[in-house]
Amino acid sequence: MRHELDETDRRIAAALVASPRASWRVVAECLGLSERTVVRRAVPLYADRTLRGTVVRNPATVPGAVPMALRIRCRPNRIRQVATALARRRDTIWVDILGGGDEVSAVFFLDSPQRRNSLLLQDLPATDAVDSWTAHTLLRVFPETLRWNAGLLTPEEAARLAPEPVQAAPAPAAIDGTLIAALAEDCRMTYTDLAARAGTTALAARRRLDTLVRGNVVRLATEIDPALLGAHSEALLWLDVQPRALGETAAALSGNPHVRFVAATTGPANLLAAVAVTDLAALYDFLVTTIGALGAITATDTTPILATAKRTGLARPWSTVLS
């Protein structure tokens with residue numbers, strides 16, 4: 001994994017975050033580069049795992065699924081152990097170490113209420129390193145923020161890479177599980193390789209993938225350390241918002257280039273936002289100018305992210321997490 005990218009690498013990476021399966025030609029045309037330059041720059045980024053392509057299922061299309069965000073208070077000397085254990089779970093999407101080093105935030109996609117109850121009533125109480133926790137069910141995730149590009153793309157460039165409009169979710173098909181498992185390994189896998197995995201033709205694999213993406217059954221994702229794109233300061237904001245203005249406030253945050261994730265939640269706060277900015281001064285400015293301008297927000301709990309153990313369902317090596 002790289003420790004630094006130049007401006008061209010950053011813009012290419014940002015384009016691939018915005019559009020994970022964009023062809024080299026499309027990226028080149030969008031950024032005003034030659035296709036040869038994009039290939040020469042991008043392929044090594046995937047080879048050394050600076051960029052990792054994957055896929056995340058939309059729990060809203062899975063009957064009985066329960067998406068949750070947990071804030072877990074831990075013994076400080078056991079924080080790494082807890083974060084590692086959470087990152088190893090197949091049902092965690094994000095795992096971050098927060099605040100003063102005694103709290104972990106984790107986003108779970110639990111496939112049933114029974115799994116939720118097992119987590120909250122058995123797994124966590126049985127973990128002696130865990131002191132307490134608060135649970136927030138994710139009621140709605142606002143997808144616009146999931147195309148975050150660190151402000152490295154112009155609005156016109158971002159628009160050219162925007163996905164096709166969402167259509168109705170399709171009925172399940174027999175090859176869906178195999179396709180999604182293959183995409184989780186590498187969302188840029190060729191249609192020929194996807195077809196070989198699923199026992200179908202390349203054309204059928206392409207059509208089914210397009211249907212799953214446009215039906216919002218899955219979200220293709222490119223994982224990268226935001227610091228490589230110039231965002232060295234990350235934080236989670238737990239916001240109290242007047243219920244009548246919840247959607248309006250979420251929409252305002254979703255359009256901000258510094259916001260990576262927004263979801264309406266249950267629990268002590270009713271809106272969760274993940275923010276990535278250049279430094280602490282920029283975080284202060286964001287709180288004053290952006291959050292301060294949203295009059296329906298009545299309280300804000302800002303928790304800096306100290307280290308990340310897992311993002312978009314992909315665990316990070318501890319050598320990079322604590323560097």
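A: In this predicted model, helix α7 gives the most to the lining of the second largest pocket, with five residues. That pocket holds about 810 Å³ of space. Its lining comprises 28 residues, and those nearest the centre are Val55, Arg57, Arg90, Asp91 and Ile93. Two or more lining residues come from each of β1 (52-57), α4 (79-88), β3, β4 and α7 (176-185). By class, the lining of the second largest pocket divides into 13 nonpolar, six polar and nine charged residues.

An unreviewed UniProt entry lists residues 5-41 and 174-212 under "domain: HTH asnC-type". For residues 174-212, the model gives 74% helix and 0% strand, with the end C-alpha atoms 13 Å apart. For residues 5-41, the corresponding values are 73% helix and 0% strand, and the end C-alpha atoms lie 10 Å apart.

A search of the whole structure finds one cavity of 30 Å³ or more. About 60 Å³ of space lies in this largest cavity, and the residues that line it are Trp94, Asp96, Ser105, Ala106, Val107, Leu236, Phe261, Leu272 and Ala274. The elements that contribute two or more residues to this lining are β3 (92-98), β4 (103-110) and β9 (271-277). Strand β4 gives the most, with three residues. In the lining of the largest cavity, seven residues are nonpolar, one is polar and one is charged.

In helix α10 (residues 246-254), the buried residues are Leu246, Thr249, Ala250, Leu253 and Ser254. These residues cover an arc of only 135° around the axis, which puts them on the same side of α10.

Terms used. Residues numbered from 1 in each chain as written. Predicted model: local features only at pLDDT ≥ 70, side-chain atom pairs only at ≥ 80, totals over all residues. Heavy atoms only, no water. UniProt positions renumbered as here; feature names shortened; annotations may be inferred. Helix = DSSP H or I, 4+ residues; strand = E, 2+ residues; numbered from the N terminus. 1 Å grid on protein atoms, 1.4 Å probe; cavity = no way out; pocket = protein on both sides within 12 Å on 5 of 7 lines; lining within 4 Å. Points joined across faces, edges and corners; volume = space filled by probe spheres on them. Nonpolar A, V, L, I, M, F, W, Y, C, P; charged D, E, K, R; others polar. Buried < 20%, exposed > 50% of the residue type's maximum accessible area, 1.4 Å probe, protein only. Arc of directions from axis to C-beta.
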